[in-house]
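Work through the following exercises with the coordinates open, trying each task before reading its solution.

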Amino acid sequence: MRPFTPQDFAVRRRRAAAQARTAGMAGILVAPGPDLAYFTGYTPTAVTERLTMLVIPAEGDPVVVVPLLERGDLVQATGGELESSAWNDGDDEYATAARLLAADGRYAVSDATWAMHVLGLQRTLTDATFVAFTDSLPMLRAVKDAEEISRLAAAGAAADAAYADVLGLTFSGRRERDVADDLGQLLRAHGHEHVDFTLVCAGENGADPHHEAGGRIITDGDMVVLDFGGLMWGYGSDTSRTVHVGDDFTGQEREVHDVVRAAQQAGVEAVRPGATCQDVDRAARAVITDAGYAEQFIHRTGHGIGTTTHEPPYMVEGEERLIEPGMCFSVEPGIYLPGQFGVRIEDIVVAFPPGSPDSALRLNTSPREVQVVA
Ligand code: ZN
Ligand code: ZN
Ligand code: ZN
């Protein structure tokens with residue numbers, strides 16, 4: 001994988017400035033974390049109470065407000081390509097930042113900016129307005145370029161390889177958390193530098209979409225929802241499959257799995273030129289509703305993925321934005337039967353890539369048929 005270059009980051013910052021201008025905003029304020037990594041390649045070793053903030057004005061050059069003691073790290077990480085404005089302990093860091101901002105400007109801020117920093121800026125610039133990225137510029141990181149897509153594809157392939165290995169593990173008689181630990185190790189073994197989540201939800205726990213793997217002993221006859229992902233080359237994986245322990249299925253287990261699989265397929269096929277995000281949700285949901293399980297599908301159909309494992313765009317009713325080439329997101333319908341079991345099937349897809357300009361390409365290709373484990 002070729003590393004991102006200072007040029008790549010500069011292109012992203014220029015695109016962000018253009019989006020801010022179009023939205024009538026004075027600029028965007030970027031906090032440490034996935035947003036700062038995306039726009040600069042700089043990841044402070046520890047995100048602390050000290051203010052670090054990239055200011056991308058709608059017009060003019062970006063500047064990083066940085067604690068004096070961390071300026072060296074910033075310069076090293078960015079090759080000195082970015083202007084910085086350092087503040088020292090004892091200074092008013094918000095006054096330092098405010099000098100770079102328009103007194104009555106409207107600014108988009110990273111969703112994950114610490115509240116104390118937004119409040120500090122608000123106190124200093126009483127006529128300025130601060131709004132979250134997701135509310136103001138949700139598509140800031142939504143469209144991925146070829147280099148980003150190749151990272152997401154590598155992360156997806158690694159997650160699929162981990163799943164293939166998981167199918168060879170013994171489930172019966174072990175605790176959910178033991179299988180979850182194995183899954184995390186397998187993701188790392190296949191190249192992930194970071195594991196975000198490894199959900200292992202056996203039997204009735206499968207009816208809780210975000211069940212945390214725990215002490216429940218997995219037994220013969222259980223349906224088990226697996227949902228796992230993390231970061232590789234700085235980009236996310238996120239996939240779900242539902243397996244069955246032993247081959248003695250109930251009719252309902254088979255039926256529900258078939259419905260979810262058909263719904264997932266319909267969601268992927270809804271990614272057509274001219275389709276909106278909510279069309280993906282509607283297509284998947286229609287299959288589940290027709291089968292009589294409308295009340296048991298209790299979440300949106302998908303979310304974007306990039307330098308985080310959950311981000312805009314969201315595949316949800318009411319999201320009327322068009323799906324654009326290069327958007328990467330999950331398609332993950334599920335059915336949850338309280339007290340019994342759940343089924344979820346999830347792939348990451350990329351919309352209209354060069355090889356398939358009219359459809360979605362799946363970045364997860366593990367078998368979607370229900371697999372039997374021991
Ligand atoms: Zn069963
Ligand atoms: Zn997932
Ligand atoms: Zn997901």
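## Exercise 1: domains

The protein chain divides into domain 1 (6–136) and domain 2 (146–373), with bounds that come from an automatic or database domain assignment. The model is predicted, so that local features need pLDDT of at least 70 and side-chain atom pairs count only at pLDDT 80 or more, while totals for chains, interfaces and linings use all residues. Residues are numbered from 1 along each chain as its sequence is written, chains are lettered from A and ligands numbered from 1 in the order in which they are written, and side-chain values use heavy atoms, with hydrogens and water left out.

**Task.** Describe how domain 1 and domain 2 meet.

**Solution.** Begin with the centres of the two domains, which, taken over C-alpha atoms, are separated by 34 Å. Next, look for contacts (heavy atoms within 4.5 Å): four residues of domain 1 touch five residues of domain 2. Then take the buried area, that is, the accessible area (1.4 Å probe) that two parts lose on being put together, summed over both; here it is about 380 Å², with carbon and sulfur atoms giving 59%. Finally, on the side of domain 1, Pro34, Tyr38 and Thr134 supply 73% of the area buried against domain 2, more than any other three residues.

## Exercise 2: a zinc site

**Task.** Determine which residues are the protein donors of the zinc ion (ligand 3), and classify the site of this ion.

**Solution.** Donors are N, O and S atoms within 2.8 Å of the metal (3.2 Å for Na, K and Ca), and sites may look incomplete because water is not among the atoms. Applying this gives Asp238 (OD), His303 (NE2), Glu332 (OE) and Glu346 (OE), which lie 2.0 to 2.2 Å from the zinc ion (ligand 3). The angles among the four donor atoms run from 83 to 165°, and the site is irregular.

The zinc ion (ligand 2) lies 3.1 Å from the zinc ion (ligand 3), and Asp238 coordinates both. His303 belongs to strand E11 (residues 302–304) and Glu332 to the loop between strand E13 (328–331) and strand E14 (334–337), so the pair ties together parts that are 29 residues apart in sequence; strands here are DSSP runs of at least two residues, numbered from the N terminus. His303 and Glu332 are both buried, meaning under 20% relative accessible area (1.4 Å probe, protein chains only).

Notes
Four donors count as tetrahedral if all angles lie between 85 and 135 degrees; four count as square planar and six as octahedral if opposite donors are over 155 degrees apart and all others between 65 and 115; anything else is irregular. Helices (H or I, at least four residues) and strands (E, at least two) are DSSP runs, numbered from the N terminus. Buried means under 20% relative accessible area, exposed over 50%, partly exposed in between (1.4 Å probe, protein chains only).
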